[in-house]
Amino acid sequence: MSMPATAHEVTAVHALESVWSRYVFSTDHKVIGLQYLFTGMAMALLGGFMAYVFRMQLAFPDQVVPLYGLVTAREYNALVTNHGSIMIFWVAMPVLIAGFGNFLIPLMIGCDDMVFPRLNRLSYQIFFVSAVIILISLVVPGGGFGGAWTAYPPLSASAQYNHTPWGAPLWLLAVALEFVAFLLGGINFTVTVMNARAPGMTAMRIPIVVWMIVIASLVFMASVGPLVAGAVMLLLDQTVGTRFYDPTAGGDPLLWQHLFWFFGHPEVYVVLLPATGIVAEIITVFARKKLFAYKTILGTSIATGIISFFVWAHHQFVAGIDPRMAHLFTITTLLISIPIAEMLFAFIATLYGGSIELATPMLWALAFIAEFLIGGVTGIFLGANATDIYLHDTYFVVAHFHYTFFPIGIIATFAAVTYWFPKMFGRRMNETLGKLHFWGTIIPFNLIFIPLFLTGAAGQHRRIYSYENFPQLSTPWLNQLAVLATLALIVMFVFQAVFLVNFFWSMRRGEKVGANPWNANTLEWSAPSPPPHGNFAAMPTVYRGPYEYGVPDRELDYWPQHVAS
Amino acid sequence: MLEWLIPAASTSADEIDWLFTLIFWTVGFWFLVAQGILFGFIVKFRRRPGVRSQYIAGESKDEKRWISWPHYVVIACDVVLIAGAIAVWRDVKQVIPTPDETIRVIAQQWAWTFVHPGPDRRLDTPDDVVTVNELHVRNDTTYAFELSSLDVVHSFSIPVFRLKQDAVPGRVITGWFRPTKTGTFDIACAEMCGLGHALMPAVLHIESPEAHAAWLGDRTTVAAATSGSRS
Ligand code: HEM
Ligand SMILES: [Cu+2]
Ligand SMILES: [Cu+2]
């Protein structure tokens with residue numbers, strides 16, 4: 001990576017700095033964003049490897065898994081638990097919010113860095129420590145925590161029940177530290193967007209992805225408090241023997257469930273919003289269209305953020321809550337489909353009358369919409385209290401939430417990486433490899449999870465390392481579906497090599513591009529590629545909204561925000 | 001719809017399957033419409049040389065109806081589905097018919113203990129039959145169950161009944177079911193409960209009244225023979 005010299009005063013000092021201080025202890029929001037991105041990608045490989053191991057056990061029970069070995073019941077539980085925890089807390093959140101939030105916010109609102117750059121660096125460092133702790137938790141005596149990523153007590157609260165005296169507290173410590181890291185990051189994002197915008201960047205001219213990252217940060221900050229309280233109680237139960245969740249001592253196991261899901265459900269929208277924001281940016285650029293109904297989309301994101309606080313108990317329809325409560329939560333849960341559906345309709349409407357170029361980032365963005373629709377409609381089966389009695393904790397749930405999380409955590413990430421890559425490294429990724437990787441991911445993805453809808457609807461429960469003990473749930477047909485899903489997963493993994501090759505090759509050898517290779521409007525494209533520390537040669541002024549594509553009577557079909565006329 | 005994948009063997013199963021089918025066709029139809037429009041747009045508005053994109057802000061009322069009408073459709077469907085869900089949930093979870101018999105289900109790491117009433121069809125009498133990982137019920141009989149756990153959260157799941165209920169330590173949770181066909185089916189634990197979670201299978205025997213009486217007869221003779229040593 002070369003760092004073009006700019007008028008920014010600190011550049012001279014920076015030229016003298018060692019690689020160490022530039023890439024490891026930097027306070028530059030772009031470097032921190034990339035650190036989050038790379039850490040998240042490494043963790044995704046680990047989380048994906050775990051999925052490979054436990055899927056192999058399901059397809060070929062009790063056989064040696066290549067590159068791993070035999071999978072015992074204990075290891076299976078630990079693999080499932082840590083796969084889920086890692087994918088949510090160490091992949092989706094760091095990549096989407098922290099990674100792209102950091103990289104994009106100052107560039108898109110037109111300032112030189114986050115308002116609190118050192119706090120930003122501290123946030124990454126705490127996050128890094130949390131990642132190290134979760135890795136350590138996998139190899140301590142007793143093995144990694146195996147009580148599911150939801151960690152319901154009393155199982156999670158006592159080593160007598162979970163048999164992981166070190167794994168369980170370390171898992172919880174890692175999760176808690178990760179929350180602290182994101183709290184710091186969220187404060188920084190919100191304050192920066194409120195205070196550091198370029199002249200002319202009024203509220204209604206902020207790119208929608210920035211809005212969505214801020215709303216997501218606010219939702220996160222408002223939901224995490226109760227969970228941190230719950231986690232402290234759980235940690236005390238585990239380590240010093242308090243009994244907050246132990247009914248024999250006056251505690252209540254359901255207390256944790258409420259605190260956990262009061263956080264856990266909004267959390268889905270915390271990662272969803274940045275992902276949809278990314279998709280919105282990309283479809284406008286590659287359809288050359290103004291974003292359809294910007295204000296409505298903004299309204300639907302806020303509504304989604306708010307309603308997400310009123311749905312948590314739909315995870316507890318069969319947990320022994322008062323049955324009347326289930327009606328209320330069915331209503332609120334199905335209500336949330338209204339803003340989300342409206343947002344997707346607006347995205348589809350944006351395509352109308354466009355001039356659509358199916359470049360790799362656009363393929364990912366469109367795939368996001370198509371796949372996420374599947375996640376959305378299958379959620380109705382689970383939000384309806386009566387059908388959830390049957391489907392709860394089956395593979396139907398696993399398939400449903402992967403149809404939401406995979407678009408969010410993986411598809412949107414690939415969309416974002418391929419789209420902003422030229423800005424990050426000043427070079428373009430290879431389109432042919434990009435398309436190969438796209439099809440090599442999307443087709444197997446559907447072949448993994450469509451079968452799981454079927455095995456779930458047929459009654460197969462999740463988190464079960466072997467079905468041999470359940471004659472009715474391990475018919476040859478269901479076993480064949482398991483094999484199909486597993487083979488598809490292997491194919492999908494093989495194609496990730498294409499991405500890695502493309503990424504690292506293009507970083508050094510890709511075709512060089514100028515500041516604005518996609519002819520986009522938003523401010524980040526007015527900075528050099530890659531932008532130096534301090535971002536802009538001269539601070540930009542903003543004259544209009546971010547989505548002025550195809551404006552009649554203009555020669556160019558785009559009109560960047562910082563161009564005066 | 002679900003019966004195509006797994007038998008339905010209780011009255012609640014029929015109702016839940018009905019709701020599943022209702023949701024399937026309602027959202028399935030609109031899902032296809034939405035995907036169709038999405039792919040239609042992608043094909044129709046592909047980039048062509050010399051053709052510029054149109055400038056549509058989507059801010060005027062006239063333009064916004066393209067998203068507000070579908071949005072009303074979503075609301076209408078939601079209302080129908082909520083009504084269906086509430087009706088079925090009421091029948092399954094709230095309107096509890098008078099049971100003919102009550103059984104007790106006790107979960108623990110990692111086994112199910114079932115307490116069946118004996119021939120007198122009442123619990124807590126000397127002819128109660130206790131089994132482990134084996135539940136025997138009469139067909140066409142309404143049962144209430146009392147579910148509890150001795151250690152962690154488990155979940156009592158009988159897929160053919162479409163029944164699932166968490167067993168929460170410190171509570172006794174009640175529910176009911178009424179079998180509608182005889183046969184032998186799986187019972188599983190549906191909540192992660194530790195190392196042996198996958199090793200918590202139990203067998204459900206739904207028997208005709210005669211077969212059930214014969215089974216009880218065998219069991220109570222054994223119970224009577226050993227009851228002296230029990231107390
Ligand atoms: C690489 C592709 C992936 C595959 C093949 C995969 C597969 C699976 C499967 C089969 C399960 C269920 C295991 C069980 O219940 O026995 C599971 C659980 C889970 N997955 Fe994934 N997954 C993938 C990617 C992701 C991503 C991207 C996310 C989130 C961003 C994610 C989040 C989760 C969560 C939260 C669980 C629940 C864990 C638990 O039950 O404690 N997965 N995954
Ligand atoms: Cu159990
Ligand atoms: Cu269990």
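You're looking at a predicted model, where local features need pLDDT of at least 70, side-chain atom pairs count only at pLDDT 80 or more, and totals for chains, interfaces and linings use all residues. Residues are numbered from 1 along each chain as its sequence is written, chains are lettered from A and ligands numbered from 1 in the order written, and side-chain values use heavy atoms, without hydrogens and water.

**Stop one: the iron.** Select ligand 1, then H83(A) and H402(A): the NE2 atom of each coordinates the iron at 2.0 Å (donors are N, O and S atoms within 2.8 Å of the metal, or 3.2 Å for Na, K and Ca). Colour helix 4 (residues 73-109) of chain A to find H83(A), and helix 14 (residues 395-425) of chain A for H402(A), 319 residues apart (helices are DSSP runs of H or I, at least four residues). Both histidines are buried (under 20% relative accessible area, 1.4 Å probe, protein chains only).

**Stop two: the largest cavity.** Now show R74(A), N77(A) and H163(A), which are among its lining residues, along with G194(B) and L195(B) (a cavity is a set of points on a 1 Å grid over the protein atoms alone where a 1.4 Å probe fits but cannot get out, and lining residues have an atom within 4 Å of a point). About 100 Å³ of space lies inside (the space filled by probe spheres set on the points). Helix 4 of chain A gives the largest share of the lining, three residues.

**Stop three: the second largest cavity.** This one holds about 80 Å³. Select I97(A), F182(A), G185(A), G186(A) and F189(A), the closest to its centre of the 14 lining residues.

Technical notes
Helices (H or I, at least four residues) and strands (E, at least two) are DSSP runs, numbered from the N terminus. Buried means under 20% relative accessible area, exposed over 50%, partly exposed in between (1.4 Å probe, protein chains only). On a 1 Å grid over the protein atoms alone, a cavity is a set of points where a 1.4 Å probe fits but cannot get out, and a pocket is an open set with protein on both sides within 12 Å along at least five of seven lines; lining residues have an atom within 4 Å of a point.
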